[in-house]
Each structure stands twice: as structure tokens, then as C-alpha cells.
Amino acid sequence: MRPDPLSMQAAVAPERAIAPVSLWTLALLFLRIGCTGFGGFMAMVAVTQQVLCERRRLLPQADLLDGLALASVLPGPVAVNVAAYAGYRLRGVAGAIIALLCAVLPAFFCMVALGTLYLRYGSSDALRPIFAGIAPAIVAIVLAAGCRLWQGAVHDRRQAALGVGAALVMVWQPGLATTLSVMAVAAAIGYHSYGGRSAPSPALARRAPLAAPQGTRRRWPQRLAMLLVAPLAALALLSASPILLQLLGVFSSMSLLAFGGGYVFIPLLQHTVVEAYHWLTPAEFTDALALTQLSPGPAMISSALIGLKVAGFSGATAASIGMFVPSAMLIVAASGAMQRIRSSTSVQAALSGMRAALSGMVFAAAVTISCSHPLHLATVLVCLAALFALLRLRVDAAVVVLCAALSGWLFF
């Protein structure tokens, strides 16, 4: 009889308790993540994995993969939602708020600065060589994260087939429908292959449940009240200005409709800000998307530029709060339920399939990012050097990004 891969995994690598971390340390870590998360949501997730799981060992790989799976099926920016999930797992609601704020602030201020220059001078071409050097390093960061996640998620041929199949399907037909379909199929295969038993296996039965996040011992009404403080305070501050309230409401509603990440969200954003409200011209909208590639963080940070043009810095703040806070509240609420059901053998079996598929999807994201930039010898060399530094020399992703930016300024 073939051994149960879940049992083998539990016996070899028992669940590790989440390490305690101060809010100050958490803020510094997510500021670093926010400053180096160039290249889209998967690049930011890759940096999060390297900082929290690989270098600091604060969060288990499986826990981060569960957060990525949850963020992939809920609305909103995936990378920022993963940051909020990780912050919640490490320090409860306070940690989620700190992680969300610090992950978004670098991208927000970068977009405000670039947007101010753009609105004044109408061009961002001077910065393009620097980011041409960063792009291949981002591909290397995503590939390195994919290798580490694969080692933690794939333990037999069936899981390897799930990972490879998910990668091929996502490269062939990317999009929200494909993502949800792949994850549903992977969960079904995982459940059918490893779950459905009347009682958990002895190894699974011996597993200790995940420790509750620090700071979550209060009852749920108190946690919900804490989570509502930020949006309610923002609403009170913005109530004096109808245009700020309108920006907050419009971007909040879009945040809860943005399934599938930033690129799937672009058509809805274009219809709303160009055709419905006429806040941007079509040319300005295209330039706003280009500027998001020149800043760290998620593609949805374009909301800051839109708000900046409509109502200045206050407008950028209102639009960003609307874009990021509602979906982060949703994933924090959902993550509490996920921690309660993770002790189920059937749920663990389904998650084993989803984790394998997600690790393959990370490789697909690296292929997608690489195809969106020109390919020549210099970019290949930068990518290979960055990959060697990340995997063999264990260099921090922030250092890799800075060196890649310097190479872009010198050679592109």
C-alpha cells in the first residue's frame, strides 16, 4: 500500500508554531517588502515569501500558500491581501493593519511623486532605463520563490503533475476564470487523492493545530470593531468633501469587484474612470498604467494617480483607502474561518492539491512577466546573475533590485 503523502509530510516536517514578532519589526519588514515589490503582484508575493518564510522564518511556507490561495479567490489586489493575511497570522488585527499600511505606503508615495511629475511635465521616459534593468531581476525573484514554494508543496508525482499542469494552463490561458478553474480542479484532485477518510491518519492526528495569531484572543465583535476603526475614521475625515467621498465610494466598490488581480481589473477601471466619470482621458489612462510599472507594489496603485488628478493629495489618499482597505478587511475575516477549518483532514487534502498548483502558477507568472519585456543578452545576464545571487548566495531581494536598477542605468 502506497504511503499517504500528507502523513509523510506531517511526519517529516511537523507544523511549526508561528514565531512572535513585534509590531515595530513587522512594520519594518513590510516597508522593505513594499519598497522592493516591483513587477506585479506575484513579484511582491515572492519578496514576501523570501523575507517572512526564507530569511526570517516567521511564517511557515504552507501558511503563506494558504493565504495566496485565499487571496486568489477573493476580490482585491492579491499581493496586498496576502500581506494583510500574513500580518494577521503574525499579530492579529493590529498586525494586519500594520502590514497593509506599510506594504502600500512605498508604492503610494512613489506613485504620488511620479504622478506629480507626470501631471506637470507629461513624461516618465527618463526613468525607463532603470526599470528596464529591474525587470529581469523581478523575473529571477519570482523564479526563486517558485523553487522554494515547489520544495515545500510538491512531495509526489501527482502533486508534481498538478504543479506543471497549472503552470502550462496559466501560460496558455491566463485570467480569472482560468485561475479559479485550476484551483478548483487542484482542490478536487487533492481531496480525491489524499482525503475523504472517515478519520484522520495517525500522523495527521498528532499534528498540533496552528497557534492563534498574536493579539486575537478578544471576541470577534471586538476584533471587528478594531478593523472598522480605520475606514470609519477615514470616512469622518473625508465627509466634508463630496468629491473625496465619491472617490472613496467608487474605489471601494471596485475593490470588492476586482476578482483576479490588477490586470483583470483594468477593463473595469478604464470603464469607470474614463467612460463613466471622465476623470482621465484615454491617453492619461494608458500613461497611468505605464507609471504603475515604474513603482513598487500592485498595479491597482494607479488609483493614487487618478485620485491625485481629481482632488490632489487628499484625492490620492481617498482613492487608495477605497481600493485597498475593503478587500483587506474581507480577507482578514475569511482567514479567521480558514484557521478554524485547517484541522480537517479533508480540507488539508484539498489544500495539498491547491498548494501544488499554486507553486506551478508562480512559475507561470515568471514566464508572463518575462514576455512583457524585450528579450536580449543583457536582460538574460541580469536575470541569471540575480537568480544565482538569490538561490546560491542567499542575497536579499532588496539588494538584488538595487543592483539591477544600477545595471539598468549603466547599460540600458
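Asp66 and Arg355 are both buried, where buried stands for a relative accessible area under 20%, exposed for one over 50%, and partly exposed for anything in between, computed with a 1.4 Å probe and protein chains only. The structure is a predicted model, in which local features need pLDDT of at least 70 and side-chain atom pairs count only at pLDDT 80 or more, whereas totals for chains, interfaces and linings use all residues. Residues are numbered from 1 along each chain as its sequence is written, and side-chain values use heavy atoms, with hydrogens and water left out.

**The chain as a whole**

- The protein chain holds 17 helices and 0 strands, these being DSSP runs numbered from the N terminus (helices: H or I, at least four residues; strands: E, at least two).
- Of its 412 residues, 53% count as buried.
- Among contacts in the chain with a separation of 6 or more, 79% are made by residues 24 or more positions apart, a contact being heavy atoms within 4.5 Å.
- The accessible surface of the protein chain is about 18,000 Å², and carbon and sulfur atoms contribute 69% of this area, as computed by the Shrake-Rupley method with a 1.4 Å probe, with only the protein chains shown counting as cover for residues.

- The model has 2 salt bridges, a salt bridge being a side-chain nitrogen of Lys or Arg within 4 Å of a carboxyl oxygen of Asp or Glu.
- In one of them, the side chains of Asp66 and Arg355 meet at 3.0 Å, N to O.
- Asp66 lies in helix 4 and Arg355 in helix 15 (residues 345-371), so this pair ties together parts that are 289 residues apart in sequence.
- Asp63 forms a salt bridge with Arg89, the closest N and O atoms again lying 3.0 Å apart.
- This pair links distant parts of the chain, with Asp63 in helix 4 (residues 61-73) and Arg89 in helix 5 (residues 78-121), 26 residues apart.
- Asp63 and Arg89 are both buried, and the relative accessible area of Asp63 is 0%.
- The side chain of Asp63 also makes a polar contact with the side chain of Tyr85 at 2.8 Å; a polar contact is a pair of N or O atoms within 3.5 Å, of which, within protein, one must be able to donate a hydrogen and the other to accept it, and residues adjacent in sequence count only if both atoms are side-chain atoms.

**Helix 7**

- At the start of helix 7, a side-chain oxygen of Asp156 comes within 3.3 Å of the backbone nitrogen of Arg158.

- Helix 16 (residues 377-391) has 15 residues and reaches 21 Å from its first C-alpha to its last, close to the 21 Å expected.
- Its buried residues are Thr379, Val382, Cys383, Ala386, Leu387, Ala389 and Leu390.
- They cover an arc of only 165° around the axis, which puts them on the same side of helix 16, whereas Leu377 and Leu381 are exposed on the other side.
- His373, in the loop between helix 15 and helix 16, is partly exposed, with a relative accessible area of 34%.
- The C-alpha atoms of His373 and Ala135 are separated by 7.4 Å, although these residues are 238 residues apart along the chain.

Technical notes. Expected span 1.5 Å × (residues − 1). Arc of directions from axis to C-beta.
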